[in-house]
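Please look over the sequence and the structure below before reading on.

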Amino acid sequence: GLITGTVEEFKFLDSNPLEIPHVGFNSVTLNPNSKLLRGFDVTPFFYFDHSFIFRDCSADVLCFSSYGFNFVSIFENENVFGVQFHPEKSGAAGLKLISNWVESL
């Protein structure tokens, strides 16, 4: 109830060859207002492993990724944060994101 939106199963049309779950490294759009992506100079890549997506998100700061279509990969609203990927499995980019999160507390 902290953020309004809808969680849906990640689905494609029969003509789309991409596999579900979405597994592997993927880029996240840079959003200059993002506290979590502060200090990233290039488009970061994070490790995804998911079969569901968050849609119609009401958060103020949104970042997107693409896997067949664009989906919300980061949301931020005041002191509420959410990510669709695994920062702890994302190497240096994940460590930087976690550090930014800790600094925002």
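The points below are grouped by topic.

This is a predicted model, in which local features need pLDDT of at least 70 and side-chain atom pairs count only at pLDDT 80 or more, while totals for chains, interfaces and linings use all residues. Residues are numbered from 1 along each chain as its sequence is written, and side-chain values use heavy atoms, with hydrogens and water left out. Helices (H or I, at least four residues) and strands (E, at least two) are DSSP runs, numbered from the N terminus. Buried means under 20% relative accessible area, exposed over 50%, and partly exposed in between, with a 1.4 Å probe and protein chains only.

**Helix H1**

- H1 covers residues 91-104, 14 residues in total, and spans 20 Å from first to last C-alpha. That is close to the expected 20 Å, the expected span being 1.5 Å times one less than the number of residues.
- Ala 93, Gly 94, Leu 97 and Asn 100 are the buried residues of H1. Viewed down the helix axis they fall within an arc of 125 degrees, so they line one face; the arc is that of the directions from the axis to the C-beta atoms.
- Ala 92, Leu 95 and Glu 103, on the other side of H1, are exposed.
- The buried residues of H1 pack against strands E3 (45-50) and E6 (70-77), where contact means heavy atoms within 4.5 Å.

**Strands around E6**

- Seven of the eight residues of E6 are buried, so the strand counts as mostly covered.
- E5 (residues 61-66) and E6 run antiparallel and are joined by six bridges; two strands pair if DSSP finds at least two bridges between them. Val 61 has Glu 76 in E6 as its bridge partner.
- Three residues separate E5 and E6 in their hairpin, and Gly 68 in the turn has a positive phi of about 85 degrees.
- E6 also runs antiparallel to E7 (residues 80-83), with four bridges between them. Two residues lie between the strands of this hairpin, where Glu 78 takes a positive phi near 55 degrees.
- Asn 77 lies in E6 and stands opposite Val 80 in E7. Asn 77 counts as buried because its relative accessibility is 18%.
- Beyond its neighbours within four places in sequence, Asn 77 is in contact with Ile 3, Ala 59 and Asp 60.

**Nonpolar cores**

- A nonpolar core is a set of buried Ala, Val, Leu, Ile, Met, Phe, Trp, Tyr and Cys residues joined through side-chain atoms within 4.5 Å.
- The largest core has 17 residues, of which Val 28, Leu 37, Phe 46, Ile 74, Phe 85 and Leu 97 touch the most other members. E3, E6 and H1 each supply at least two residues of this core.
- Leaving aside neighbours within four places in sequence, Leu 37 has contacts that include Val 28, Pro 44, Phe 46, Cys 63, Ile 74 and Leu 97.
- Another core, of seven residues, lies apart from the largest one and has Phe 54, Cys 57, Ala 59 and Phe 75 among its members.

**Cysteines**

- The structure holds zero disulfides, a disulfide being a pair of cysteine sulfur atoms within 2.5 Å.
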